[in-house]
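Biologist: I have the model open and would like to go through it with you. Could you take me through the ligand site and then a few other spots?

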Amino acid sequence: MKKHIGIIGAGIGGLTLAALLQKRGFKVSIFEQASKFARVGAGIQQSANAVKVLRDIGLEDHLRSIAFCPQTWNNREWDTGVVKHELSLGSTFEEKYGAPYFLLHRGDLHAAILSKVNQDSIYLQKKLLHYQINSEHVQLTFEDGTVYDVDALIGADGIHSKIREQMLGADKPRFTGRVAYRTTFPASLMNGYAIDDCTKWWGIDRHIVIYYVTPKKDEIYFVTSVPEPEWNNESWSAKGDLGELRTAFKGFHEQVQKVLAACPDVHKWSLYERDPLPTWCDQKVVLLGDACHPMVPYMAQGAAMAIEDAAILTRVLEEQPNIPEAFQQFETVRKERTSRVQLTSHKNQWMSKPTDSDWVYGYDAWKVNLS
Ligand SMILES: Cc1cc2nc3c(=O)[nH]c(=O)nc-3n(C[C@H](O)[C@H](O)[C@H](O)COP(=O)(O)OP(=O)(O)OC[C@H]3O[C@@H](n4cnc5c(N)ncnc54)[C@H](O)[C@@H]3O)c2cc1C
């Protein structure tokens, strides 16, 4: 009989794993601390390596209908706009890597994955306090006093993972001293001024990435990285000051100025990271996504790594009935790649000059060797 898998966290990683496992007949229970899911203002890039996984749960066509497929990802000098490196996307990218490159609203991606999960298997307002491993089960204790038993536990509970803390000890992620201002807003507020498909504007000590997030190009997103060591807050509801943001990008290219002048509102988010962890698993418990390899978003690969994890974890659970061995194998297969992406993101030079991106986008989680 297939195992009962408990997943903590209904983020992009946890839900992708749930959908993949349920498709293969596993019993899955997902526990999420939030009381509901909301479409908060943020965009997300999904490259071919992630799309190849999402294709398995039948999402590719739907994503094409809700996402923007850019022709190019430009990297330009902050003031002159001189192109430092241009990555061709569109059909060139799709032919080369076997799947498209999508830009979309993060909430739309989350809702799309959620639609592929059995809704009866999701338990909201369930904040995990701790787990206990015994010979038969992993016992989960939640803040509301409820207790559940599962055969194996996946910690998809994000950068501040409780499961990571229990496994490896209390240790906060590192604040980078930098903040991300980000928002989505109607393109109509630009009064007909058109922007590039997707551009990272590289300043001396800061940058801003701007792109459309819908096929009709009627919604624009931007995300920044700005030094601000004294501001340390990580909340989806924290607002940024538009005046401070505009001042921070004074002197940037006209396209940046137009976008910042038009945006009506902005969120502000501290950027954290961790170094690669010494281990991801504890017998019948394993970490996935930001819980085990959080990174700064400078390659736009954090969620993509969680999605790839979900595919590899699904494959090892299908092939290996011994759970601790399956989890150890998962860690062995994934760690080198996710560590490389964490460290490359940390340097923040990705695409700042001609860059070999085959190793990132050419990865196919369904085909990599599991041994
Ligand atoms: C500014 C910014 C831009 C980004 N852009 C991109 C991009 O373009 N492309 C990309 O691929 N990635 C991007 N990322 C990275 C991406 O957002 C993350 O890597 C990804 O969301 C991680 O998914 P996850 O499922 O592992 O964790 P999360 O999305 O953090 O989900 C964790 C879930 O667990 C729940 N949870 C936590 N603790 C508990 C508990 N104790 N009990 C129950 N539930 C719990 C949380 O409520 C949450 O729902 C970006 C990140 C940032 C900050």
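Biologist: Where does Gly302 lie relative to a nitrogen atom of the ligand?
Modeller: In this predicted model, a backbone N or O atom of Gly302 lies 3.3 Å from a nitrogen atom of the ligand, a polar contact being a pair of N or O atoms within 3.5 Å, where pairs within protein also need one atom able to donate a hydrogen and the other to accept it, and residues adjacent in sequence count only if both atoms are side-chain atoms. A polar backbone atom of Ala300 is 3.1 Å from a ligand nitrogen, and an N or O atom in the side chain of Glu32 is 2.6 Å from a ligand oxygen.

Biologist: How much of the ligand's accessible area does the protein cover?
Modeller: The protein covers 87% of the 1,000 Å² that the ligand has on its own, with areas from the Shrake-Rupley method and a 1.4 Å probe.

Biologist: And which elements give two or more residues to the shell?
Modeller: Those are α1 (12-23), β3 (43-46) and α9 (302-319), where helices (H or I, at least four residues) and strands (E, at least two) are DSSP runs numbered from the N terminus.

Biologist: Switching to α10, what is centred on Arg334?
Modeller: A kink of about 45 degrees in α10 is centred there, the bend being the angle between axes fitted to the seven residues ending at a residue and the seven starting there. At the start of α10, a side-chain oxygen of Asn322 reaches to within 3.0 Å of the backbone nitrogen of Glu325, and just after the helix Asn348 takes a positive phi of about 50 degrees.

Biologist: How many salt bridges does the structure hold?
Modeller: It holds 26, counting a side-chain nitrogen of Lys or Arg within 4 Å of a carboxyl oxygen of Asp or Glu. One of them joins Arg76 and Asp196 (2.6 Å, N to O), linking strand β4 (residues 72-77) to the loop between β12 (174-186) and β13 (198-202), 120 residues apart.

Biologist: What should I know about numbering and cut-offs?
Modeller: Residues are numbered from 1 along each chain as its sequence is written, and side-chain values use heavy atoms, leaving out hydrogens and water. Local features need pLDDT of at least 70 and side-chain atom pairs count only at pLDDT 80 or more, while totals for chains, interfaces and linings use all residues.
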